[in-house]
Amino acid sequence: MRKLLRHEGPFRHRNVRLYAWFSVLYNARAYYPVFAIFFFALGLDVTQFFLMNMVWAAAIFLFEVPSGALADTIGRKRLVVFASALMVAEMALLLCAPQNGGWVLLTMCILNRLLSGTSEASASGADQSLAYDTLFEHGDEELWDDVLATTMRWRSIGFFVAMIIGALVYDPKFLNWLLGTDFDQATTLRLPVAIVFVQSLFCLAVSLRMREPVREGVEPCPLGERCASAIKLTLRTAAWVLKTPLAFRIVLGTLLIDAVVRNFVTINSEYYRLIELPEFTFGFIGALTAGLGFFVPTIAKGMLNRYSPITNLALIAAM
């Protein structure tokens, strides 16, 4: 893990370092421990909340393949910058959304989830490709597993810190005890979102410093031709997935697993409140889960070497 801080090994390449920091800043979001109660506090009801999450999941699913095709045609850096800009916009919407604002609030929240899902789909794979292509460019592609493992561990640390801070700053009782202030819930409601908004600005700055690696055999062409090529590649990829049983099973299995996990993650804060846990504890529970992620690279490597992709997918589904 020290290699990232010391710029050693694969992290001597700037793109690889920036990928690791981008991954930490993009994923460790301080509003996750209070996700559901934040939206309910804004004034959404249960039906609106689940509608919002359906838009989020649909955006990720529908834009995943097109974003990969765009990365191959217009460049990975442009897509990562685009994802960062969308993150800035989605967080700005939550900061400005009017509490108990009726249809205006619902529209802004749905737009937030649409931008969030599109951003996740755009960043997914494009950031990793920038790092891997950089390693390949310098003949260091065999170090890719080390990059993934190190980045995952740093991401777990980021989650650990974000979960604790997010829940603590949301809880006015804890802040008032700690700082001797007299904050109410209306004051602390958007503090976790404000923290993530600042992170989004750092993500944008990091993505702008990335460099598009040189890819052999890729000739520059007009933007219109590149967009047309991206559409054709998207359709070919979708057709290939439907015709390839292994790929189809993996995509379908991942989608079903993600749907369950995403719903649990988004409503767990409301469940904790239902069983009357203090709000400041939400972050510690999330941090404990994030801490377990520190050991995932070692476990994943062992499973990858021992089992087939379908067996690994079945084990994850069982968990």
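Reader: Are E90 and R29 buried or exposed?

Author: Both E90 and R29 are buried. Keep in mind that this is a predicted model.

Reader: What makes E90 and R29 a salt bridge?

Author: Their closest N and O atoms are 3.4 Å apart. The cut-off is within 4 Å, so the pair counts as a salt bridge. E90 lies in helix α5 and R29 in the loop between α2 (14-27) and α3 (35-42), so the pair ties together parts that are 61 residues apart in sequence.

Reader: And how do you know that E90 forms a salt bridge with R113?

Author: Here the closest N and O atoms are 3.7 Å apart, and the limit is 4 Å, so this one passes too. R113 sits in helix α6 and E90 in helix α5, so the bridge links parts 23 residues apart in sequence. E90 and R113 are both buried.

Reader: What about R211 and E137, why is that called a salt bridge?

Author: For R211 and E137 the closest N and O atoms are 2.8 Å apart. That is within 4 Å, so the label holds. R211 is in the loop between α11 (191-209) and α12 (223-243), while E137 belongs to helix α7 (residues 126-137), so parts 74 residues apart in sequence get tied together.

Reader: Why is R211 called partly exposed?

Author: Its relative accessibility is 33%. Buried needs under 20% and exposed needs over 50%, so R211 falls in between. E137, at 31%, is partly exposed as well.

Reader: Which residues do shared partners join into one network?

Author: R29, E90 and R113. The whole structure has 6 salt bridges.

Reader: Now the cysteines. How many disulfides are there?

Author: The count is 0.

Reader: How do you know that C109 is in no disulfide?

Author: The nearest cysteine sulfur, that of C96, is 12 Å away.

Reader: Why is C203 called buried?

Author: C203 has 0% relative accessibility, and the cut-off is under 20%, so buried it is. C109, at 1%, is buried too.

Reader: Last one: what makes N100 exposed?

Author: N100 has a relative accessible area of 60%, and exposed means over 50%, so that settles it. N100 lies in the loop between α5 (76-96) and α6 (102-123). Its phi is near 55°, a positive value in a residue other than glycine.

How values were computed
Residues numbered from 1 in each chain as written. Predicted model: local features only at pLDDT ≥ 70, side-chain atom pairs only at ≥ 80, totals over all residues. Heavy atoms only, no water. Disulfide = S-S within 2.5 Å. Buried < 20%, exposed > 50% of the residue type's maximum accessible area, 1.4 Å probe, protein only. Helix = DSSP H or I, 4+ residues; strand = E, 2+ residues; numbered from the N terminus. Salt bridge = Lys/Arg side-chain N within 4 Å of Asp/Glu carboxyl O.
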